Amino acid sequence: MSYTEVKEYEPLTEKTAVTLAKSLGLFSNEILMCNEIGDGNLNLVFHIKDQESQKGIIIKQALPYAKVVGESWPLTLQRSQIEANALKQHGAIVPHFVPEVFYQDELLAITVMEDLSYLRIVRNGLIEGERYPLLADHIGEYLAKTLFYTSEFALPPSKKKEFAKQFSNPELCRITEELVFTDPFFDSESNDFEEELYDEIQSIWQDSLLKLEAAKLKRKFLTEAEALLHGDLHTGSIFANQLETKVIDPEFAFYGPFGFDVGQFFANLIFQAITGNEEKRDFILQQIQQTWKSFVNHFTHAWLHHNIDNFAEVPGFLDSILNKIFEDSIGFAGCELIRRTIGLSHVKDLEGIADKDERIQNKKAALTIGKTCILEHSRVDSIQQFIVLLQEALTG
Ligand code: SR1
Ligand code: MG
């Protein structure tokens, strides 16, 4: 039987993934290599390769539960369609930054896409000291274009509402609402931290000013349907080499606030500034600055040439939008820094530090910077000011 005719959901194995690849007619050779390489929190990922032609594909399959927790946390398979559709939607805007989708199957919760194994996951590369000279320019462009061209600045409001409906993603949004915006600020069961951090964590739980700002940021995430977000833009969702950058895994995509993706990217770079030596820190801070510069350039260009809003040329409107995105992104970065340090789902940048004292010191720094970002986000007026703030906190 052709695997594309399967009538019921079942998780693939390396063997059935090969059968599926053959059924799709994507390979002429009979002998294919297959490895399950998924190291994320949620899905199976099969890398299939024809050794002769060196041609490969990726088959990603959603599991009906969160792999990181187990079957006790059921999770919608519909996220696979959301992801494939977001890849296509964003791919239509920035094809050079998104893997091509060859096939999608709703029943099997499968997306078959371009093999990016010639690139590296940015988180792993950065941890090992690699540099990606074009990453900041590319991600700034990716963010500016995907966000602008899915917003009402480029789409008629009725079209935007149609997309917002298509990308309604309540179960995955709930994960973010709880794990990023709620649980780390309370004594919640899902939190995960070493006891050496307890004093710092208690001070977070007892800080009502911090919690007020976190509550406002959570509300933005819940209510501001500004653009089609990636929804989980950490450095583990980005492949790169010296020349190319590709953004993967938009299963958390939904219509949310412009600044969320920007802030998650900032936060995940900040982990590298925290854990690196002085030279690395300066390099990473420069990358953050360059990302924002690239974002502003591309967003401004799109605004000047493709904004369909009657108010587009009103003096001050573009600046006020850019200012809002910037402030929000710093606040969201703060939430991401805290959640990846004490909530569920940590980052290798911190967890990979073998020496316990060093690890705890780095985590304390992440919490301090996270708190500063949340408390100060609406007072930071420029990227230069943000970089100074980070420099002070990092050398503090
Ligand atoms: C249960 S999922 C935990 C985290 O993994 C994903 O990458 C998202 O960041 C999510 O919050
Ligand atoms: Mg992911």
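# Exercises on a predicted model

Of the 396 residues in the protein chain, 42% count as buried. The model is predicted. Work through the tasks below with the structure in view.

## Exercise 1: Overall form

Task: Decide what the radius of gyration of the protein chain says about a compact globule.

Solution. 
- Step 1. Start with the length: for 396 residues, a compact globule would have a radius of gyration near 21 Å.
- Step 2. Compare: the protein chain has 21 Å, so the value agrees with that of a compact globule.
- Step 3. The C-alpha trace spans about 60 × 55 × 40 Å along its principal axes.
- Step 4. The protein chain has 14 helices and twelve strands.
- Step 5. Residues 24 or more positions apart account for 71% of them.

## Exercise 2: Two domains

Task: Find the domains of the protein chain and describe how they touch.

Solution. 
- Step 1. Take the bounds from the domain assignment: domain 1 is 3–114 and domain 2 is 120–395.
- Step 2. Count the residues in contact: 17 from domain 1 meet 21 from domain 2.
- Step 3. Sort the domain 1 side of this contact. Ten residues are nonpolar, five are polar and two are charged.

## Exercise 3: The shell around ligand 1

Task: Which residues are around ligand 1, and which helix gives the most to the shell?

Solution. 
- Step 1. List the residues: Asn 41, Leu 42, Ala 66, Val 68, Ile 175, Thr 176, Leu 179, Asp 232 and Ser 345.
- Step 2. Sort them by class. Five are nonpolar, three are polar and one is charged.
- Step 3. Find the helix. H6, residues 170–179, gives the most, with three residues.
- Step 4. Bring in the domains. Domain 1 and domain 2 each supply at least three residues of the shell.

## Exercise 4: A hairpin

Task: Is strand S5 largely in the open or largely buried?

Solution. 
- Step 1. A residue needs 20 or more other C-beta atoms within 10 Å to count as buried.
- Step 2. Apply this to S5, residues 70–74. Of its five residues, zero are buried, so S5 lies largely in the open.
- Step 3. Find the partner. Strand S4, residues 65–66, is joined to S5 by two bridges, and the two run antiparallel.
- Step 4. Name a pair: Tyr 65 faces Pro 74 of S5.
- Step 5. Trace the turn. S4 and S5 make a hairpin, with three residues between them.

## Exercise 5: One residue

Task: Where is Leu 197, and why does it count as partly exposed?

Solution. 
- Step 1. Locate Leu 197 in the loop between H6 and helix H7 (198–205).
- Step 2. Count neighbours. Leu 197 has 17 C-beta neighbours inside 10 Å, so it counts as partly exposed.
- Step 3. List its contacts, leaving aside neighbours within four places in sequence: Ile 342, Ile 360, Lys 363 and Lys 364.
- Step 4. Relate Leu 197 to Ser 72. They are 125 residues apart in sequence and 28 Å apart in space, C-alpha to C-alpha.

Terms used
Residues numbered from 1 in each chain as written. Chains lettered and ligands numbered in written order. Predicted model: local features only at pLDDT ≥ 70, side-chain atom pairs only at ≥ 80, totals over all residues. Helix = DSSP H or I, 4+ residues; strand = E, 2+ residues; numbered from the N terminus. Rg over C-alpha atoms; globule rule 2.2 N^0.38 Å. Buried ≥ 20, exposed ≤ 12 C-beta atoms within 10 Å, placed from the backbone. Contact = placed C-beta atoms within 7 Å. Near = placed C-beta within 6 Å. Nonpolar A, V, L, I, M, F, W, Y, C, P; charged D, E, K, R; others polar. Domains from an automatic or database assignment. Pairing = 2+ DSSP bridges.
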